[in-house]
Amino acid sequence: RHRALVIVAAGSGTRLGHGMPKAAVKITDRTVLDHALDAVTEDLDVDLIVLVLPQDAHSPHQLAPNGHNLGQRSRAVLTVSGGDTRTESVGSGVRAVQHHAEQQSWAGAVHVLIHDAARALTPTSVFSRVLDALDSGAVSVIPALPVTDTIKRVDASERVAQTVPRQDLRAVQTPQGFTLELLQRAFAHIEGLSEAEAAVLTDEAMIVEDLGETVTVVEGHPHALKITTSIDLTTVRALIAEYDE
Ligand code: C5P
């Protein structure tokens, strides 16, 4: 088997409000993307890394990985442009993996990890757990944690319709792992969806569920939180300060 890691970093960063792509925002003196790439250590056994970056002119400069040796272990490293939605960006990454696998005549299973650059402090151990589950035969794997808040479903007039039993809920993180074969089927399925149906897709596991395939859950990590708003940036900076103590 071969392994590819797709890192999506093509989001606009509108909700964070720094006027630049979220992956280019500096957490410390280093960008969100650079912190995310710290997980790609020598120990991480992947053959290909695909970085999905925004299409604008500044991004290649703002988002050039700094201080990493991604090509160690004779890994191939590719950069491609993303799209307007996360799903489109993941699609560009998956096409690059498919192309590379064909060019290199990869035989046997190809396992693909899809990771949000915005989960900048995700430890390497989470990547390994997902890869191990794929090696054990899972076709789709997501890291997740129990939720700590009580979650309610509301109706259109903001009245509580239902309380979902908390013990059944998980908050889902990335990297999410799939066989390339299943990802290709998932993206073929998306092409048949209406724009409204495609708009609610927040991860690839949702499509896999639609296809009736089993999604396996492994343990996530609290540090794999997604940087979305400024409070997340504050949290992540505090965590880094703690590492450095
Ligand atoms: O917007 P959100 O925080 O859900 O984005 C999750 C990840 O997907 C981020 O790393 C972001 O850069 C990426 N993304 C992307 N292309 C988009 C939207 C989001 O690569 N059009």
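The shell around the ligand divides into seven nonpolar, six polar and five charged residues, where Ala, Val, Leu, Ile, Met, Phe, Trp, Tyr, Cys and Pro count as nonpolar, Asp, Glu, Lys and Arg as charged, and the others, Gly among them, as polar. In this predicted model, 18 residues surround the ligand, and the closest are V8, A10, G11, S89 and A118; a residue is taken as near a molecule if its C-beta atom, placed from the backbone, lies within 6 Å of it.

The model is predicted, and local features are considered at a pLDDT of at least 70, side-chain atom pairs only at pLDDT 80 or more, while totals for chains, interfaces and linings use all residues. Residue numbers start from 1 along each chain, following the sequence as written. The average pLDDT of the protein is 95, and 100% of the residues score at least 70, pLDDT being the predictor's confidence in each residue on a scale from 0 to 100. The ipTM of the model is 0.98 and its pTM is 0.96.

The protein has eight helices and ten strands, which are DSSP runs numbered from the N terminus (H or I over at least four residues for helices, E over at least two for strands). Its radius of gyration is 18 Å, close to the 18 Å that the globule rule gives for 245 residues, so the protein is as compact as a globular protein of that length; the radius is taken over C-alpha atoms, and the rule is 2.2 Å times the number of residues to the power 0.38. Along its principal axes, the C-alpha trace spans about 55 × 45 × 35 Å. Among contacts between residues at least 6 apart in sequence, 75% join residues at least 24 apart, a contact being a pair of C-beta atoms, placed from the backbone, within 7 Å.

Of the 245 residues, 35% count as buried; a residue is buried if 20 or more other C-beta atoms lie within 10 Å of its own, exposed if 12 or fewer, and partly exposed in between, with C-beta atoms placed from the backbone. In soluble globular proteins, nonpolar side chains tend to be buried together. Here the largest nonpolar core has 55 residues, and those with the most contacts inside it are V6, A9, V112 and A117; such a core is a set of buried Ala, Val, Leu, Ile, Met, Phe, Trp, Tyr and Cys residues joined through C-beta atoms within 7 Å. Leaving aside neighbours within four places in sequence, V6 is in contact with V50, V52, V90, G93, V94, V97, V112, L113, I114 and H115.

V110 lies in strand 4 and is buried, with 22 other C-beta atoms within 10 Å. Not counting residues up to four places away in sequence, V110 touches R1, H2, A4, A101, T179 and L180. By contrast, N66, in the loop between helix 2 and strand 3, counts as exposed with 11 C-beta neighbours inside 10 Å; beyond its neighbours within four places in sequence, N66 is in contact with R30 and D34. H99 belongs to helix 3 and counts as partly exposed, with 13 C-beta neighbours inside 10 Å.

| Pair | Separation in sequence | C-alpha to C-alpha distance |
|---|---|---|
| H99 and N69 | 30 residues | 23 Å |
| N66 and A36 | 30 residues | 12 Å |
| V110 and Q98 | twelve residues | 9.2 Å |

Some backbone details remain to be described. A cis peptide bond, with omega of about 10 degrees, joins T174 and P175, and P175 is found in the loop between strand 8 (170-172) and strand 9 (176-179). R73, although not a glycine, has a positive phi of about 60 degrees; R73 is in the loop between helix 2 (59-62) and strand 3 (76-81), and is partly exposed, with 14 other C-beta atoms within 10 Å. S105, also not a glycine, has a positive phi of about 50 degrees, and S105 sits in the loop between helix 3 (86-103) and strand 4 (110-116), where S105 is exposed with 6 other C-beta atoms within 10 Å.

Note on methods
Two residues are in contact if their C-beta atoms, placed from the backbone, lie within 7 Å.
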